[in-house]
Amino acid sequence: MGLSPRFSGRPIRVFVSLLTPVSRSSPEMAQQPIQLTVNGEDHTVTVDPSTPLLYVLRNELGLNGPKYGCGLQQCGSCRVLVDGEARATCQLPVSVVEDQPITTLAGLSGEDGGLHPVQEAVVDE
């Protein structure tokens with residue numbers, strides 16, 4: 001019979017990880033208050049600092065403008081303006097943008113308070 005387990009008469013190969021499990025602290029200990037200014041409004045969220053900004057914008061602040069697309073910072077559906085620069089948020093840790101102004105599509109407005117040209121383009125599509 002041997003030592004290897006069998007299934008349907010064929011040996012099954014068993015792989016054992018050589019990596020030692022990393023000890024992790026409880027989720028409560030990893031969370032920290034993060035100060036954000038989004039669309040001109042100040043917010044304090046208590047999250048793990050490594051949480052992607054996209055998840056904070058959508059799940060914590062309820063903003064549905066930035067979308068999850070590819071998750072690789074390639075498609076642009078998660079982009080927002082961070083301190084005036086377009087940044088993909090799907091992999092950007094929230095701690096990196098703390099205390100920097102963040103503007104989503106909803107935060108754009110025309111000079112007269114109407115739709116911004118980018119918002120108009122989205123509506124037209």
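Where is the place of Thr104? Thr104 sits in the loop between strand S7 (101–103) and helix H3 (117–124); helices (H or I, at least four residues) and strands (E, at least two) are DSSP runs, numbered from the N terminus.

Some ground rules. This is a predicted model, in which local features need pLDDT of at least 70 and side-chain atom pairs count only at pLDDT 80 or more, while totals for chains, interfaces and linings use all residues. Residues are numbered from 1 along each chain as its sequence is written, and side-chain values use heavy atoms, with hydrogens and water left out.

Thr104 has 3% relative accessibility and counts as buried, where buried is under 20% relative accessible area, exposed is over 50%, and partly exposed is in between (1.4 Å probe, protein chains only). Leaving aside residues up to four places away in sequence, Thr104 touches Val38, Asn39, Leu57, Leu63, Pro66 and Val80; contact means heavy atoms within 4.5 Å.

Leu105 is also in the loop between S7 and H3. Leu105 is partly exposed, at a relative accessible area of 33%.

Now the cysteines. How many disulfides does a search of the whole structure find? The search finds 0, a disulfide being a pair of cysteine sulfur atoms within 2.5 Å. Cys70 is in none, and its nearest cysteine sulfur, that of Cys75, is 3.8 Å away. Cys70 is partly exposed, with 29% relative accessible area. For Cys90, the closest cysteine sulfur is in Cys78, at 3.8 Å, so the two are too far apart for a bond. Cys90 is buried, at 5% relative accessibility.
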